[in-house]
Amino acid sequence: MAVWVKKSECVGCETCLDVCPIGAISMSEGIAVIGDKCNSCGACVESCPHGAIKSDASDRKADISAFKDVWVVAETRQGNIRSCTSELMGCGRGLADALGQRLCAVLAGKEVSSHAGAMAENGADIVYLMEDKGLEEGLALPYVRAITDAVLEKRPAVVLFAATPFGRELAPRVSRRLGVGLTADCTGLDIDPETKNLLQTRPAWGGNLMATIISPDTRPQMSTVRPGVMKALPAEPGRKAEVVQLKVNIKPEDQRLNIQELKKELYKHVNLTEARVIVSGGHGVESKDGFGLLEELAGLLGAEVAGTRIAVEEGWLTPDRQVGQTGKSVCPELYIACGISGAIQHSAGMMGSKTIVAINTDPAAPIFAIADIAIVEDLFKIVPELITALKMKEGEN
Amino acid sequence: MDKLDIKVLIKQVPNTSEVKIDPHTGTLMREGMESIINPDDLHAIEAALQLRDTHGGKVTAISMGPPQAKDVLREALGMGVDECILLTDRAFAGADTLATSYTLGKCVLRLGRFDLVIAGHQAIDGDTAQIGPQVAEFLGIPQVIRAIRLEIRGDGLLAERTAEEGTEIVKSTLPALVTVTKEANDPRYLFVPLLMAAFEEDAPIRVWGGNDIGADEAGTGLKGSPTRVRRTFTPSHNKKIERLNGMPADMARTLVERLRERKVI
Ligand SMILES: Cc1cc2nc3c(=O)[nH]c(=O)nc-3n(C[C@H](O)[C@H](O)[C@H](O)COP(=O)(O)OP(=O)(O)OC[C@H]3O[C@@H](n4cnc5c(N)ncnc54)[C@H](O)[C@@H]3O)c2cc1C
Ligand SMILES: Nc1ncnc2c1ncn2[C@@H]1O[C@H](COP(=O)(O)O)[C@@H](O)[C@H]1O
């Protein structure tokens with residue numbers, strides 16, 4: 001903590017000289033000066049009748065009321081708004097209403113103005129638009145510049161980023177530049193009804209524990225939010241927002257990193273986080289052929305196939321299909337877990353699924369604790385029967 | 001490129017795969033929990049050593065933590081790191097990522113010229129993956145996050161990083177900060193003579209406090225941390241579970257029925 005005198009407000013009354021327990025304050029040209037001895041006890045801050053002595057602790061506290069509105073930093077992929085942004089808008093709308101403040105979408109990119117309408121229909125009251133050809137997807141530094149400058153100008157109370165790889169690269173730099181707190185990978189956000197602080201809940205200790213984090217004395221409060229956890233609101237056609245253009249001042253030092261090439265052939269693109277139905281397999285599936293069976297079931301359900309870390313480590317699945325703490329977080333309508341024990345690191349990524357079906361030979365498997373429908377049986381007996389049952393038309397069985 | 005000066009950031013963490021939660025109080029049982037070097041950080045050390053072995057230069061490992069964090073620095077020496085700094089001070093306790101990045105950043109600056117800072121992508125105790133980018137921001141240098149391959153090209157850095165749909169080749173100026181994931185390399189084994197030497201009195205491990213790195217107390221530890229943990233709790237689930245019975249074919253048919261009732265298929 002540091003203590004200083006705001007010269008324009010000091011009238012030279014000398015009250016602080018008597019209050020300071022260690023005699024660290026002297027007068028110079030009619031204005032109080034805090035000397036090197038100061039140990040930041042803060043006694044003078046409270047005693048000054050004119051409020052001319054400031055400390056970073058008191059300043060932070062006094063200032064936080066000046067920060068208003070909830071911001072959602074939109075993320076685009078190939079120029080399109082990502083679904084995680086719509087989820088954030090849904091969550092941000094609730095927070096803004098709880099605060100009685102506005103929800104603002106921050107749209108930054110090369111050419112993004114065409115999305116302003118969609119942001120309005122997704123619940124934004126204001127759309128801050130920042131366009132610049134230096135704002136290239138995947139390059140954090142220009143975005144750090146644009147967003148930090150906007151925050152300093154507009155002073156939001158809350159800034160939310162998606163906890164995507166890009167969001168988790170961008171948000172920490174913004175927080176460091178602003179000197180404020182940042183809570184990583186939140187799965188729950190709320191407003192404390194009394195203090196109006198943002199309650200940021202996230203898994204800790206490998207998902208064994210949940211922790212609720214606050215940043216009581218600094219603003220804005222910043223979080224990255226795990227994709228697939230929050231619910232997007234249905235779009236309200238015709239809903240309007242005020243669109244405000246903000247200047248972007250990208251500097252040469254923001255362009256020290258550039259992308260040479262994207263090698264896409266590595267994974268076949270599956271978007272697990274957006275899947276409605278997921279058929280998932282673990283160690284119990286035993287082989288790549290076992291996963292062939294799950295593929296067949298998935299084909300009938302229009303589902304994506306996913307799995308546990310063990311399934312990925314065994315080479316039965318590519319890493320982009322891993323669900324869990326170190327993989328993807330998903331919340332489909334239906335999650336069918338086959339031969340999965342339900343370790344916390346796995347369930348952390350799929351607990352939000354609406355209906356969970358678990359097929360496991362071990363009645364004590366932890367997956368059953370979070371399942372809606374439990375089948376204690378060999379998956380190699382159930383899945384083929386399931387395929388047969390699904391192939392029959394509705395009503396035939 | 002001449003000789004490289006590389007700093008590696010390493011953290012001592014509890015082995016979270018063995019975490020036990022007290023079922024009554026919902027708190028962490030720290031007793032008997034083993035401390036290890038954060039898994040990603042082994043890959044950070046390996047990446048640094050490989051670059052040094054190719055280009056020459058020096059690798060310095062830095063860790064902030066309690067005095068016993070010296071263990072992970074000894075391990076780093078055992079792998080072949082040249083020298084270590086242990087940042088330990090009562091004033092550093094209770095640091096969140098903002099305060100940690102300030103402390104680590106001040107230390108890097110105090111050590112003078114550098115070409116690269118390499119950190120693990122994320123620590124298994126906090127899982128924030130925030131330290132890398134925050135230290136980079138503090139130092140005012142570019143960052144390559146989730147790198148799996150590093151190469152010095154001319155006077156810059158060429159790196160491959162994982163993206164959501166594949167990998168990307170990126171190019172950066174130096175100095176830069178890089179975080180690496182497990183795909184980056186296979187960490188080398190400890191070399192026993194080096195490890196033995198790391199336990200000697202004259203092992204190159206300097207122990208520094210806040211004054212040694214010129215840190216302002218307002219920026220370190222709990223004081224420098226804007227975030228506070230308000231409460232912790234164990235995740236709970238209160239669902240009504242329906243258990244299906246009968247022959248596999250019966251269960252399969254019932255399941256299809258249930259899923260249709262729930263309108264999920
Ligand atoms: C830091 C950390 C991060 C991690 N992150 C993740 C993550 O993101 N995602 C993840 O999934 N894991 C993660 N893990 C690993 C996790 O702890 C578990 O080890 C893993 O999820 C277990 O996978 P599994 O369920 O496939 O295997 P197992 O635990 O071996 O379970 C297999 C199950 O299949 C059942 N079974 C066997 N045969 C059959 C059969 N024929 N029919 C029906 N059931 C059968 C068994 O009864 C058993 O319950 C992480 C671990 C750590 C330490
Ligand atoms: N106390 C620390 N001392 C040294 N390095 C650290 C410390 N905390 C985090 N790091 C580095 O930052 C990386 C990411 O940590 P985190 O942001 O906590 O997930 C780790 O893999 C380490 O390389």
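Leaving aside its neighbours within four places in sequence, with which residues is A:Thr148 in contact? This is a predicted model, in which local features need pLDDT of at least 70 and side-chain atom pairs count only at pLDDT 80 or more, whereas totals for chains, interfaces and linings use all residues. Residues are numbered from 1 along each chain as its sequence is written, chains are lettered from A and ligands numbered from 1 in the order in which they are written, and side-chain values use heavy atoms, with hydrogens and water left out.

The residues in contact with A:Thr148, once those neighbours are set aside, are A:Val174, A:Arg177 and A:Leu178, where contact means heavy atoms within 4.5 Å. A:Thr148 itself sits in helix α6 of chain A, which covers residues 140-154; helices (H or I, at least four residues) and strands (E, at least two) are DSSP runs, numbered from the N terminus. A:Thr148 counts as buried because its relative accessibility is 2%, given that buried means under 20% relative accessible area, exposed over 50%, and partly exposed in between (1.4 Å probe, protein chains only).

A backbone N or O atom of A:His283 is 2.7 Å from an oxygen atom of ligand 1, and a polar side-chain atom of A:Thr308 is 2.6 Å from an oxygen atom of ligand 1. A nitrogen atom of ligand 1, in turn, has a polar side-chain atom of A:Asp378 at 2.9 Å. Taken alone, ligand 1 exposes 980 Å², of which the protein buries 81%, with accessible areas coming from the Shrake-Rupley method with a 1.4 Å probe (for residues, only the protein chains shown count as cover).

Ligand 2 has 18 residues around it, of which B:Leu9, B:Asp41, B:Ala123, B:Thr128 and B:Ala129 come nearest. An oxygen atom of ligand 2 lies 2.6 Å from a backbone N or O atom of B:Leu9, a polar side-chain atom of B:Thr128 lies 2.8 Å from an oxygen atom of ligand 2, and a polar backbone atom of B:Gln130 is 2.9 Å from an oxygen atom of ligand 2. Of the 480 Å² that ligand 2 exposes when taken alone, the protein buries 97%. The elements giving two or more residues to the shell around ligand 2 are β4 (57-64) and β6 (116-120) of chain B, and β4(B) gives the most, with three residues. Nine nonpolar, seven polar and two charged residues make up this shell.

The cysteines remain. Over all chains the structure holds zero disulfides, a disulfide being a pair of cysteine sulfur atoms within 2.5 Å. A:Cys13 is in no disulfide, and the nearest cysteine sulfur, that of A:Cys48, is 5.8 Å away. A:Cys13 counts as partly exposed because its relative accessibility is 39%, whereas A:Cys48, at 15% relative accessibility, counts as buried.

Notes. A residue is near a molecule or strand if one of its heavy atoms lies within 4 Å of it. A polar contact is a pair of N or O atoms within 3.5 Å; within protein, one must be able to donate a hydrogen and the other to accept it, and residues adjacent in sequence count only if both atoms are side-chain atoms. Ala, Val, Leu, Ile, Met, Phe, Trp, Tyr, Cys and Pro count as nonpolar, Asp, Glu, Lys and Arg as charged, and the others, Gly among them, as polar.
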